[in-house]
Amino acid sequence: MANVVVFGSQWGDEGKGKIVDMLAEDAAAIVRFQGGNNAGHTLVVAGEKCILHLIPSGVLHPGKACLIGNGVVLDPEVFLKEIEVLAQKGVETSPARLMVSKKTHIIMPYHRLMDNCRENALDDAGKIGTTGRGIGPCYEDKMHRCGVRAADLADPELLREKIKLALNEKNVLFEHLYGVEPLDPERVFQDVLPLAERMKPYLGDVSGAIQKAEAEGFVLFEGAQGTHLDIDHGTYPFVTSSNTVTGNAASGSGCGPRKLDRIIAIVKAYTTRVGGGPFPTELLDEIGNRLQDKGGEFGATTGRRRRCGWMDMVVLRESARLNTPTELAVTKLDVLSGLKELKICTAYKYRGELMEYPPQEQNGMAHVEPVYESLSGWEEDISGVTAWADLPDAAKAYLERLEELSGVPVGLVSVGPDRVQTFTRG
Ligand code: GDP
Ligand code: IMO
Ligand code: MG
């Protein structure tokens, strides 16, 4: 059966968790392939809300294998806590169904400290507004080839040595550049050891587990963050530290690119962004506040207010080019109900030229002027709609325009947070 990749096409929080949870029912395994607990994926089942940061969003479906690939950065404390909370809700979280790749890099306490030191040292305009979870510094160590990998948790002497080496360098920065207390390597080691012990049963060969799952059904790859937060293709430097684009579903999990078949772009019906960085269609007015309130736009990880704006087709067009989606899943369409007029940004004006794709210079997006077209809104509450045919004409026209401008068909429409508030394109 065809494998499925779900990815965020904007700046994250598009509703990936909800769609993954919904599709997981028929999957053999669900795999996270990048990012870490900077992600916050919200699932609502029968009115009950569950926010996941690390564990794949298929976990609420009994028996499905949930895999964490080599491309993820994993904080053991958060992983073990998440398991505990799920277990209290009666969700099965044993190693029989949950696996972390032995090649996954581990977020250490010094990564979290470094993340916060770096952010605090930046002036307001330069702040990335990271989630403070140690994501960037952990990926830095991976690339620097001095990172701690999950397999090292089962090798205490190697772990002790790696911590010592890492802190040799980082303590100089902590003490002399950032003016904070240096960390004692032995203390860090002793603190991590009990967590390492608890992690051991979960370590495995995720590439092998994917191969096995494919014999039973399809594999569902769950993206985190969004395309415009990608380390290479996003609004650098206001990005996260991993490749969020779909190509990484293969390398971040240990399978080949020919294994990726159906690719679903999750698109929020408007745009949001949390943290710093350019946002051409941002609305700093009453309409922005209204989207924020009605959409409940608060970060699922940090609780920060999400910035809100109109749909940006330059952003979506670029996502289509980078990710080759086979379909769009448009979420939060219900939030647009009641607006008389809807605007869609179709292009940017940049240095006197009209552009269909984002400029590639650093911070170029901060200097574009969005070109808008206007569509009629609709009054009706659509949160109870269960079929394409029952959508108001104006809502259908809005979605059809997104199809035309992106060149990608709509496959799924979401009109509320609950698993069941979703239907296919008629
Ligand atoms: P993710 O990071 O992409 O998984 O998205 P988040 O969970 O961070 O944010 C999406 C938010 O929108 C969550 O609170 C979801 O429960 C909610 N949500 C998802 N789809 C819909 C929808 O169609 N309508 C409404 N009103 N809320 C939705
Ligand atoms: P999900 O998976 C939205 C943003 C942060 C910050 C930047 C870098 O829920 O869509 P980091 O901690 O990764 O170094 O922060 O990226 N960011 C997200 N924004 N959704 C997310 O994840 C995000 N993960 C990181 O706000 O601007
Ligand atoms: Mg989120």
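Is Ser94 buried, partly exposed or exposed? Ser94 is partly exposed, with a relative accessible area of 26%. Buried means under 20% relative accessible area, exposed over 50%, and partly exposed in between (1.4 Å probe, protein chains only).

This is a predicted model: local features need pLDDT of at least 70, side-chain atom pairs count only at pLDDT 80 or more, and totals for chains, interfaces and linings use all residues. Residues are numbered from 1 along each chain as its sequence is written, chains are lettered from A and ligands numbered from 1 in the order in which they are written, and side-chain values use heavy atoms, with hydrogens and water left out.

**View 1. Ser94 in its loop**

Ser94 lies in the loop between α2 (76–88) and β7 (98–101). Helices (H or I, at least four residues) and strands (E, at least two) are DSSP runs, numbered from the N terminus. Ile83 is eleven residues from Ser94 along the chain. The C-alpha atoms of Ser94 and Ile83 are 8.6 Å apart.

**View 2. Ligand 2 and its shell**

Ligand 2 sits in the largest pocket. A pocket is found on a 1 Å grid over the protein atoms alone: it is an open set of points where a 1.4 Å probe fits, with protein on both sides within 12 Å along at least five of seven lines. A molecule sits in a pocket if more than half of its atoms lie within 2 Å of its grid points. Around ligand 2 there are 20 residues. A residue is near a molecule if one of its heavy atoms lies within 4 Å of it. Asp13, Lys16, His41, Thr131 and Thr240 come nearest to ligand 2. The shell holds seven nonpolar, ten polar and three charged residues. Ala, Val, Leu, Ile, Met, Phe, Trp, Tyr, Cys and Pro count as nonpolar, Asp, Glu, Lys and Arg as charged, and the others, Gly among them, as polar.

**View 3. Contacts of ligand 2**

A polar contact is a pair of N or O atoms within 3.5 Å; within protein, one must be able to donate a hydrogen and the other to accept it, and residues adjacent in sequence count only if both atoms are side-chain atoms. The side chain of Thr131 has an N or O atom 2.6 Å from an oxygen atom of ligand 2. For the side chain of Thr240, the distance from an N or O atom to a ligand 2 oxygen is 2.6 Å. Val274 takes part through its backbone, with an N or O atom 3.0 Å from an oxygen atom of ligand 2. Taken alone, ligand 2 exposes 550 Å², and the protein buries 98% of that. Accessible areas come from the Shrake-Rupley method with a 1.4 Å probe; for residues, only the protein chains shown count as cover.

Ligand 1 takes up the space of the second largest pocket. Two elements give two or more residues each to its shell: α1 (16–24) and β3 (41–45). The largest share, three residues, comes from α1. In total, 19 residues surround ligand 1, and Lys16, Gly17, Thr42, Asp334 and Ser414 are the closest. By class, four are nonpolar, eight polar and seven charged. A polar backbone atom of Gly40 lies 2.8 Å from an oxygen atom of ligand 1. The side chain of Arg306 places an N or O atom 3.0 Å from a ligand 1 oxygen. For the side chain of Ser414, that distance is 2.5 Å. Taken alone, ligand 1 exposes 580 Å², of which the protein buries 93%.

**View 4. Lys170 and Asp141**

Lys170 belongs to helix α5 (residues 156–177). Lys170 is buried, with a relative accessible area of 8%. Its side chain makes a polar contact with the side chain of Asp141, at 2.9 Å.

Asp13 lies in the loop between β1 (4–8) and α1. Its phi is near 60°, a positive value in a residue other than glycine. Asp13 is partly exposed, at 22% relative accessible area. Lys332 lies in the loop between β15 (327–331) and β16 (341–350). Lys332 also is not a glycine, and has a positive phi of about 60°. Its relative accessible area is 21%, so Lys332 is partly exposed. Pro237 is in the loop between β10 (218–222) and α8 (247–251). A cis peptide bond joins Tyr236 and Pro237, with omega about 5°.

**View 5. Thr331 and Glu14**

Thr331 is part of strand β15. Thr331 counts as buried, at 2% relative accessibility. A polar atom of the Thr331 side chain lies 2.5 Å from the backbone oxygen of Glu14.

Key. On a 1 Å grid over the protein atoms alone, a cavity is a set of points where a 1.4 Å probe fits but cannot get out, and a pocket is an open set with protein on both sides within 12 Å along at least five of seven lines; lining residues have an atom within 4 Å of a point.
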